[in-house]
Amino acid sequence: MDRALALLRDTFGYREFRHHQAEIVQTLVEGGDALVLMPTGGGKSLCYQIPAMVRPGCGIVVSPLIALMQDQVEALTQLGVRAAFLNSTLEWEAVRQIEQSLRQGELDLLYIAPERLLNERTLELLDNAPLALFAIDEAHCVSQWGHDFRPEYQQLKVLHERFPQVPRIALTATADERTRQEIVTQLDLHQARRFISSFDRPNIRYAIAEGHNAREQLWRFLQREHPEDAGIVYCLSRKKVEQTAEWLSRKGRTALPYHAGLSADLRAQHQQRFLREEGVIMVATIAFGMGIDKPDVRFVAHLNLPKSIEAYYQETGRAGRDGLPADAWMAYGLQDVILLRQMAEESGAGETHKRVTRQKLDAMLGLCEITGCRRQALLAYFGETLAEPCGNCDNCLQPPETREATEAAQKALSCAWRTGQRFGVNYLVDVLLGKEDERIRRFGHHQLPTYGIGRELNATEWRGLFRQLIARGYLEVDHEGHGALRLTEQCRALLRGEEKFELRRPRKPERSGRPGRSRPVIPEFDEQDSALFEALRKLRLELARAQGVPPYIIFNDATLKEMVVVQPRSLEEMREITGVGEQKLARYGRAFLDVIEEASSG
Ligand code: ADP
Ligand code: ZN
């Protein structure tokens with residue numbers, strides 16, 4: 001462990017291990033297996049990188065994303081670690097050299113995609129090389145239930161059969177119990193020690209907005225909070241991705257689309273720009289994001305409702321890996337609720353699958369509609385208890401107003417009932433408002449007692465009420481009847497007046513004050529600090545450009561922040577900054593010191 005601690009300090013420039021890192025490292029160094037569940041940004045990589053360096057031989061890292069291996073290896077090379085990757089982008093000669101270094105024990109870490117690793121040829125190569133460990137990153141890819149399922153992951157069991165004496169570590173940021181079980185079974189990790197960290201991401205501020213015109217709401221949010229920051233905007237469909245990216249670009253932001261319908265080249269190009277430039281917004285379907293270890297993603301915005309809390313947690317988790325403040329923002333509407341309900345009904349073949357899909361969606365809707373602390377609810381879903389409300393979500397910061405709306409809910413339900421449960425929301429709203437309409441006349445619904453009894457609310461308010469009735473399970477959407485709404489068993493008590501219905505009021509449009517001025521990345525910085533921070537970022541960008549690497553590979557924002565706070569005056573003092581190891585100190589220390597000095601004398 002002494003050696004591990006020395007590596008942590010000198011090579012990585014960190015003072016101490018955090019979460020379960022120390023125990024995990026020790027387990028592997030001693031030759032044991034480990035299953036690691038840690039949130040994004042928790043520091044999973046160190047858990048296998050350090051043991052791979054301590055143990056004789058090379059650590060083999062299985063990672064599903066070829067496009068990102070290069071950056072991971074680059075980051076290690078910057079630290080002076082002997083790392084390489086094997087994938088289809090390499091020339092034959094480069095492959096031959098890496099294979100030779102591996103056989104001769106000259107590598108600490110080798111990244112390989114699963115399909116390549118499972119090749120008989122690669123396995124034979126490994127037979128003849130000294131191996132320190134196997135790290136299986138993004139281990140939830142073995143799960144058929146998850147959205148990142150990779151069939152090759154299920155064959156990784158072979159590693160244990162073929163190399164029984166080599167310790168293995170499986171890592172994931174996916175928290176649910178089902179996935180956990182599947183990893184253990186599929187990878188034969190029954191003997192592995194389990195390390196489960198808290199899944200809380202305290203630096204992420206959760207906010208979920210409902211109602212109309214999500215795109216305008218997004219724009220206000222971006223202008224107010226993140227006028228210059230990098231972030232991800234998730235949309236459900238390719239078309240919406242394209243439209244949103246175009247719209248943001250027209251408004252003057254650098255926004256790039258990313259979805260499975262784009263050519264591989266273009267996708268790679270957009271991903272590169274997102275990683276290498278500052279302030280790029282990626283507008284994407286869920287196909288984007290896994291394994292993206294860009295630490296300074298300052299916001300993740302959802303323009304549609306995710307299908308499950310697992311997906312929501314994973315996608316929002318890509319914000320703020322560096323531990324600095326970040327936002328998880330979402331806006332959803334009635335159409336999302338109806339569409340996802342329909343998709344759940346039509347999903348897959350089996351009844352079980354449908355039920356699971358439905359339950360997951362209901363849980364997600366529950367999270368959207370609650371009036372209490374979002375973080376408490378989110379963690380509770382993963383079996384964790386947070387004793388106090390968090391103070392860093394929309395509901396904590398600005399408690400939503402509710403009002404009793406039992407009578408309105410009864411009217412809405414009765415309207416659906418009396419029109420024969422054959423109509424969708426818009427029609428029902430028209431009936432409630434007593435609209436002059438040819439269809440209503442044709443069906444004779446203008447003679448119903450519910451016709452025109454709902455004039456106390458406007459159309460938008462009625463749609464909000466219907467959304468909440470659907471979300472809470474009073475109404476169900478008939479997928480064969482084009483979105484027709486049917487009453488569920490649950491309605492009885494409400495209709496009899498034995499149960500109250502509380503309506504969540506739409507939030508007032510957020511104050512649009514101070515357009516163009518952002519909440520600073522580092523809230524506690526004054527103007528002078530911010531100026532120095534910007535100067536350091538500028539230097540970082542120049543250094544990164546010169547080498548063609550992402551800026552955060554030089555130093556991440558958290559390291560720059562500490563430089564601003566501490567203002568080191570010598571290389572000795574610089575060495576004490578978190579994230580400044582020996583190699584980086586030698587390469588960049590002087591340049592950053594100069595900028596700090598200039599700022600303080602100027
Ligand atoms: P994960 O893979 O779990 O998302 P990473 O391994 O990318 O997380 O680490 C997240 C961030 O935390 C990185 O910037 C990393 O350098 C930093 N980090 C990891 N371990 C430590 C530590 N012990 N002390 C300080 N920073 C750390
Ligand atoms: Zn809260």
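This is a predicted model: local features need pLDDT of at least 70, side-chain atom pairs count only at pLDDT 80 or more; totals for chains, interfaces and linings use all residues.
Local features need pLDDT of at least 70, side-chain atom pairs count only at pLDDT 80 or more, and totals for chains, interfaces and linings use all residues. Residues are numbered from 1 along each chain as its sequence is written, chains are lettered from A and ligands numbered from 1 in the order in which they are written, and side-chain values use heavy atoms, with hydrogens and water left out.

**Ligand 1**

Start with ligand 1. There are 16 residues around it, and Tyr-14, Arg-18, Gly-41, Lys-44 and Ser-45 come nearest. A residue is near a molecule if one of its heavy atoms lies within 4 Å of it.

Which residues make polar contacts with oxygen atoms of ligand 1? Arg-18, Gly-42 and Ser-45 are among them. A polar contact is a pair of N or O atoms within 3.5 Å; within protein, one must be able to donate a hydrogen and the other to accept it, and residues adjacent in sequence count only if both atoms are side-chain atoms. The table lists these contacts.

| Residue | Protein atom | Distance to an oxygen atom of ligand 1 |
|---|---|---|
| Arg-18 | polar side-chain atom | 2.7 Å |
| Gly-42 | polar backbone atom | 3.5 Å |
| Ser-45 | N or O atom in the side chain | 2.4 Å |

The protein covers 84% of the 560 Å² of accessible area that ligand 1 has on its own. Such areas come from the Shrake-Rupley method with a 1.4 Å probe; for residues, only the protein chains shown count as cover.

What is the shell made of? It divides into four nonpolar, eight polar and four charged residues. Here Ala, Val, Leu, Ile, Met, Phe, Trp, Tyr, Cys and Pro count as nonpolar, Asp, Glu, Lys and Arg as charged, and the others, Gly among them, as polar.

**Helix 3**

Helix 3 (residues 44-54) gives the largest share of the shell around ligand 1, with three residues. Helices (H or I, at least four residues) and strands (E, at least two) are DSSP runs, numbered from the N terminus.

Nine of the 11 residues of helix 3 are buried, so the helix is largely enclosed by the rest of the structure. Lys-44, Cys-47 and Ile-50 are among the buried ones. Buried means under 20% relative accessible area, exposed over 50%, and partly exposed in between (1.4 Å probe, protein chains only).

**The zinc site**

Ligand 2 is a zinc ion. Which residues coordinate it? Cys-373, Cys-390, Cys-393 and Cys-396 do, each through SG, at 2.3 to 2.4 Å. Donors are N, O and S atoms within 2.8 Å of the metal (3.2 Å for Na, K and Ca); water is not among the atoms, so sites may look incomplete.

The donor residues are spaced C-x16-C-x2-C-x2-C in sequence. Why is the arrangement called tetrahedral? It is tetrahedral because the four donor atoms subtend angles of 101 to 120°. Four donors count as tetrahedral if all angles lie between 85 and 135 degrees.

Is Cys-393 buried or exposed? Cys-393 is buried, at 0% relative accessible area. Cys-396 is partly exposed, at 25%.

**Residues in loops**

Arg-505 sits in the loop between strand 17 (502-504) and helix 23 (527-547). Its relative accessibility is 36%, so Arg-505 counts as partly exposed. Arg-505 and Arg-403 are 102 residues apart in sequence, but their C-alpha atoms are 7.1 Å apart in space.

Pro-523 lies in the loop between strand 17 and helix 23. Pro-523 is partly exposed, at 46%. Its C-alpha atom is separated by 24 Å from that of Glu-315, 208 residues away along the chain.

Two other loop residues have a positive phi. Asp-188 has a phi of about 55° although it is not a glycine. Asp-188 is in the loop between helix 9 (177-186) and strand 7 (193-196), and it is partly exposed at 30%. Gln-421 also has a positive phi of about 55° and is not a glycine. Gln-421 lies between helix 18 (406-418) and helix 19 (425-433).

**Residues in helices**

Trp-219 belongs to helix 10 (residues 214-225). Trp-219 is buried, at 12% relative accessible area. From Trp-219 to Leu-117 is 102 residues in sequence and 44 Å in space, C-alpha to C-alpha.

Gln-528 lies in helix 23. Gln-528 is exposed, at 61%. The C-alpha atoms of Gln-528 and Gly-146 are separated by 47 Å, and the two residues are 382 apart along the chain.

Definitions and conventions. Four donors count as tetrahedral if all angles lie between 85 and 135 degrees; four count as square planar and six as octahedral if opposite donors are over 155 degrees apart and all others between 65 and 115; anything else is irregular.
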